[in-house]
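Let us go through this model by asking what stands behind each label.

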Amino acid sequence: MSAAELDALLGDAWDDRNPVGYRAILAADERREMLAAGERVLDEYGLNAEFVPVAYGGRWERADRLAEVLRTVWRRDPCLGLGYGFSSLIASVNIWTTGDEEQRRRTAGLLLDNRRIAAAFHELAHGNDFANAECVARPDGGGWLLSGRKEIVTNLRRAEAMVLFARTGAAGSRGHSQFLVQRDDLPAAGMRDLPRFHSSGMRGVQLGGVEFDGCPLPGGALIGDPGQGVEVALRSYQVTRSVGAAMFAGPLETALRLAIRCSLDRRLYGGAAADLPYVRAMIARAYADLLAIETFSAVVLRALHLAPESMAVYAPAAKYLTARILLDAFGDLRAVLGARSYLRRGPYGMFQKLARDIAPATFAHISLTAALVTLLPQLPRLARRSWLSDPAATPSLFALGGDLPALSLGRLSAGMPRQDGIIGALAEIADESADDPVRRFTARYAEELRALRDGCAALGPADLAIDASPAAFALADRYTVVLAAASLLAVWRHGGERRDEAMLLGALDRLTERLGGPPVLAPAEREETERRLFEQAVARHLDGHPLGLFPLPA
């Protein structure tokens, strides 16, 4: 099975008779329900098999393939993407990284039988600060007694199993553990489901809560060793944050199609809205944002296979920047649709649903601030020991779509990376000479890297935590932009001749705007780049081709 086959099963999204088309999706959203017909299609496809390694009977071999399949679902309906699929992936990755053989086989059996697994980490009092979770599991003979609450958990009531995060020791990095439990194994007297939590975005997703009161857990439920919960989560999040960053291209592509369609259909000042320079520029820039997300996230996904030791910095950087780009691109596209961007039905009704759905998607799992806090402690070390001194990553990291070695989750580390091969690629490219816009962008980012190195190397202990100064957060933000630009430049260096240079220039131009300062492109160059991007986006939309870098893999 492939992303292309899944796309075919989902059918024509614009067909009002399609039970998984936009009209049906909007109707389910108004009812605050998951699209039942969509879940049946995903059952037929066997989406859960994508989350199970091949060794355990599933289809998971490559992170980029997994992301493309999930992006296909998110392109159609983010509620299905989260409520059917991504939530089970978040939970099960913890088993694949650290669980024992019995836990892995049990997890595989559940998923391959189209069952769900919830990730019960969240508590309202602590948000994404799961290391301070208060739900506690105390030793009891050969097992554990669980007490406390878990809240705002996707599919908690619908899931047949859950991965629970609970305090098992004193405060600190070794004070929590994870447990794999099946609902059928828990006594009804020991747990109580809380009322459903409603949300303005992802309205069809079942957000639940549960309260435990001395609920017994079997000894075999413990994942890994006692006190290993935070470490397991940090390693697993490197996978799910990388895949999540790539999924954001799905709803952005759909929103872009809606904006293109509106601009061609809407009549203004005696012509189509698409004839207006402002409208064309907004569409071109959002298209450049889509290309930036796809390219950067593709490199990060390949790094899971080729440079897993660096994922502690690459994964949160990708989650942070792609989420920021996504939100900003939706703002630009809203200007194209105007008041139509708020309509809840009709040909453009999907836009307002997507805009609501992506808002929680960008802060769930890890907030943007928390992503920067994850980066901050790592930047001084990289600045002093890696940037402008380490060699570039292997060229295969930037050969998108090329062969990859098997994914080795055991090589993921919760510790600080010692090297940054993507930034090394930027330093290497900057040494090459050429008098063209690409060279100017490269020089701009090489200059930014030197300033970033000096700024990060000077960070003190007070600037490496949640109460860091605004200047420290700004440095972490700028690092993510430089990392993305380095990825784009290296991808084009190792295969860019296959693509229109306007794609690279447009994406780099958008990234550079985030740094401030004078533009790299002259006004005439930017106008020409945006003209070509607009024409490409419209042509692909009218032909029914994917708007991103690659066709759906067969």
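Q: What share of the contacts in the protein chain between residues at least 6 apart in sequence join residues at least 24 apart?
A: The share is 77%. The model is a predicted one. A contact here means heavy atoms within 4.5 Å.

Q: Why does the radius of gyration of the protein chain agree with that of a compact globule?
A: A compact globule of 554 residues would have a radius of gyration near 24 Å, and the protein chain has 23 Å, so the two agree. Along its principal axes the C-alpha trace spans about 75 × 60 × 40 Å. Buried residues account for 59% of the 554. The chain holds 18 helices and ten strands.

Q: What makes helix 9 largely enclosed by the rest of the structure?
A: Of its 30 residues, 25 are buried, so helix 9 is largely enclosed. Buried means under 20% relative accessible area.

Q: How does the reach of helix 9 compare with the expected one?
A: Helix 9 covers residues 277-306. From its first C-alpha to its last it reaches 43 Å, close to the 44 Å expected at 1.5 Å a residue.

Q: Why is Pro 277 called exposed?
A: The cut-off for exposed is over 50% relative accessible area. Pro 277 has 63%, so it is exposed. Pro 277 lies in helix 9. Its C-alpha is separated by 9.9 Å from that of Glu 530, 253 residues apart along the chain.

Q: Why is Ala 249 called buried?
A: Its relative accessible area is 1%. Buried means under 20%, so Ala 249 qualifies. Ala 249 lies in helix 8, residues 249-265.

Q: Which residues does Ala 249 contact, leaving aside neighbours within four places in sequence?
A: They are Arg 71, Leu 290, Ile 293 and Glu 294. The C-alpha atoms of Ala 249 and Glu 68 are separated by 9.6 Å, with the two residues 181 apart along the chain.

Q: What makes Gln 103 a buried residue?
A: Gln 103 has a relative accessible area of 1%. That is under 20%, so it counts as buried. Gln 103 lies in helix 6. Not counting residues up to four places away in sequence, Gln 103 touches Ile 95, Leu 180, Gly 220, Ala 221, Leu 222 and Ile 223.

Q: Why does Asn 114 count as partly exposed?
A: Its relative accessibility is 29%.

Q: How do helix 15 and helix 16 cross?
A: The axes of helix 15 (residues 437-457) and helix 16 (residues 470-493) come within 10 Å and cross at roughly 145°. The crossing is left-handed.

Q: Which residues meet between helix 15 and helix 16?
A: Helix 15 brings residues including Val 438, Tyr 445 and Leu 452. On helix 16, Leu 475, Arg 478 and Tyr 479 are among them. The residues of this contact divide into ten nonpolar, two polar and two charged.

Q: What do the buried residues of helix 15 pack against?
A: They pack against helix 13, helix 14, helix 16, helix 17 (501-513) and helix 18 (523-543). Phe 441, Arg 444 and Glu 448 are among these buried residues.

Terms used: Residues numbered from 1 in each chain as written. Predicted model: local features only at pLDDT ≥ 70, side-chain atom pairs only at ≥ 80, totals over all residues. Heavy atoms only, no water. Axes fitted to C-alpha atoms, helices over the stretch in contact; angles between N-to-C directions. Helix = DSSP H or I, 4+ residues; strand = E, 2+ residues; numbered from the N terminus. Left-handed = near helix turned anticlockwise from the far one by under 90°. Nonpolar A, V, L, I, M, F, W, Y, C, P; charged D, E, K, R; others polar. Expected span 1.5 Å × (residues − 1). Buried < 20%, exposed > 50% of the residue type's maximum accessible area, 1.4 Å probe, protein only. Rg over C-alpha atoms; globule rule 2.2 N^0.38 Å.
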